[in-house]
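Notebook open, structure loaded. I want to go through a few spots one by one and jot down what turns up.

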Amino acid sequence: QAGGYMVIIVDLMGGDNAPAETLKGVYMASEEFDAEYIVVGDKAQIEKIAAENGYDLSRFTVVHADSVIEMDDDPMAVVRTKKDSSMSIGLSLLAEGKGDALVSTGNTGALFTGATLITHKIKGVQRAAIATIIPAQKPLLLIDSGANVTVNAESMEQFAIMGSTYMKKVFGIENPRVGLLNNGTEACKGTPLQIECYKHLSELDEINFVGNIEGNAIPFGKCDVLVTDGFTGNILLKSIEGMGKLVFAELKKIFGAGIFTKLAYLLVKKQLKAFKKSFDSSEYGGAELLGISKPVIKAHGSSNAKAFKNAIRQAINVSSDNTIDEITENIVAYTERRRAQKKQADVRTDE
């Protein structure tokens, strides 16, 4: 931390609206949050956008990158063919201790791969996971929301511990309720993996397990952390995003249908805006890559400046709350307990 401030490393080049919106987002963040920023990207483009918009680049440390990880690039490109990319350089700076956290809107697979191979996982973590806040009656953390297509029960246990710690530290929930996404509430429901996970999570002292959660219960605050594999989690996340867009598009049609509906809209405009804001994922910023040794935040690929600014705020909060340190402590305690249990089981088998 230079000069006592949090140092946030920003990959400016990934995503649909980069680098114009990402640079604007960092500039907005610099006016609002007490932190220092290392921005990584094409220096000529950055200087051009700054000049056009009147941004004072002296606020930032600008690090040039020759290439960009594109959305259709192979995830391994970040450590193989594009080591000179903004994402790879940003992750390397984070690994070297030049900053406290990294924020990127870039290729999710590449960011996850790079974070795992360059910045590295927390010792004892089997699989890192993407943890995404789903807008609902109460903020709900979905883990894993896309990193791991296949997992085992032990990885799911670790997801539960990491997600629970995150919600306690970042959202101040004293004893987060952990649910397992399933197609029924009964312990016997689901695939063999879900049945095994239910048993493991029920026996896990480190979490407050509340059982299986069905899809139709997700929006209604039944749990604070929802555990699943990345394949199912990603489908769920994108379904919720699509349904939210449909609902607001249909509401727009209804209120624009005629003079009376337009008048009705004026009467409820304030409430509708508040309702829309409560379901706006950009309010929460980005998805945390939990299980990585330092905070890495994946902002949505289509993030505008406001969403990117909020992702930076999230990175600052996670860093200042020492969330990673507490996750590390809890994972170490979990792995030691599992090792002791395995040793005990082996002794009983020998007898």
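**Entry 1: a loop residue**

I started with T228, which sits in the loop between β9 (225-227) and α7. Before going on, I noted that this is a predicted model, where local features need pLDDT of at least 70, side-chain atom pairs count only at pLDDT 80 or more, and totals for chains, interfaces and linings use all residues. Residues are numbered from 1 along each chain as its sequence is written, and side-chain values use heavy atoms, with hydrogens and water left out. Helices (H or I, at least four residues) and strands (E, at least two) are DSSP runs, numbered from the N terminus.

Is T228 buried or exposed? I found it buried, at a relative accessible area of 1%. For the record, buried means under 20% relative accessible area, exposed over 50%, and partly exposed in between, with a 1.4 Å probe and protein chains only. Leaving aside residues up to four places away in sequence, T228 touches L142, I143, D144, M156, F159, L181 and G233; contact here is heavy atoms within 4.5 Å.

**Entry 2: the sheet**

Next I traced the sheet. It is open, has 11 strands with mixed pairing, and runs in the order β3-β2-β1-β4-β11-β10-β5-β6-β9-β7-β8. On average, neighbouring strands are turned by 25° against each other, direction ignored. Axes are lines fitted to C-alpha atoms, for helices over the stretch in contact, and angles run from 0 to 180 degrees between N-to-C directions.

For pairing, two strands count if DSSP finds at least two bridges between them. Strand β1 (residues 6-11) runs parallel to β4 (residues 101-104), joined by four bridges, and I9 stands opposite L102 in β4. Helix α3 (residues 86-95) lies across β1, β2 (35-41), β3, β4 and β11 (296-299), at about 145° to β2.

**Entry 3: strand β5**

I then looked at β5 (residues 129-134), where six of the six residues are buried. Side chains in a regular strand alternate between the two faces of the sheet. In β5, A129, A131 and I133 are on one side and I130, T132 and I134 on the other, and both faces are covered.

Which strands does β5 bridge to? Three bridges link β5 to β10 (residues 286-290), antiparallel, with E288 as the bridge partner of A131. Four bridges link β5 to β6 (residues 140-143), also antiparallel, with I133 opposite L141. A hairpin of five residues connects β5 to β6.

**Entry 4: A29**

A29 belongs to helix α1 (residues 20-32). Its relative accessible area is 0%, so I put A29 down as buried. Not counting residues up to four places away in sequence, A29 touches Y37, K309 and I312. I also checked A29 against N310: they are 281 residues apart along the chain, yet their C-alpha atoms are separated by 7.9 Å.

**Entry 5: the second largest pocket**

Last, I looked at the second largest pocket, with about 310 Å³ of space. A pocket, on a 1 Å grid over the protein atoms alone, is an open set of points where a 1.4 Å probe fits, with protein on both sides within 12 Å along at least five of seven lines; lining residues have an atom within 4 Å of a point. Grid points are joined across faces, edges and corners, and the volume is the space filled by probe spheres set on the points.

The lining is F248, L251, K252, F255, Y265, K269, L272, K273 and K276. α7 (230-255) and α8 (259-278) each supply at least two residues, and α8 gives the most, with five. By class, I logged five nonpolar (Ala, Val, Leu, Ile, Met, Phe, Trp, Tyr, Cys and Pro count as such), four charged (Asp, Glu, Lys and Arg) and no polar residues (the others, Gly among them).
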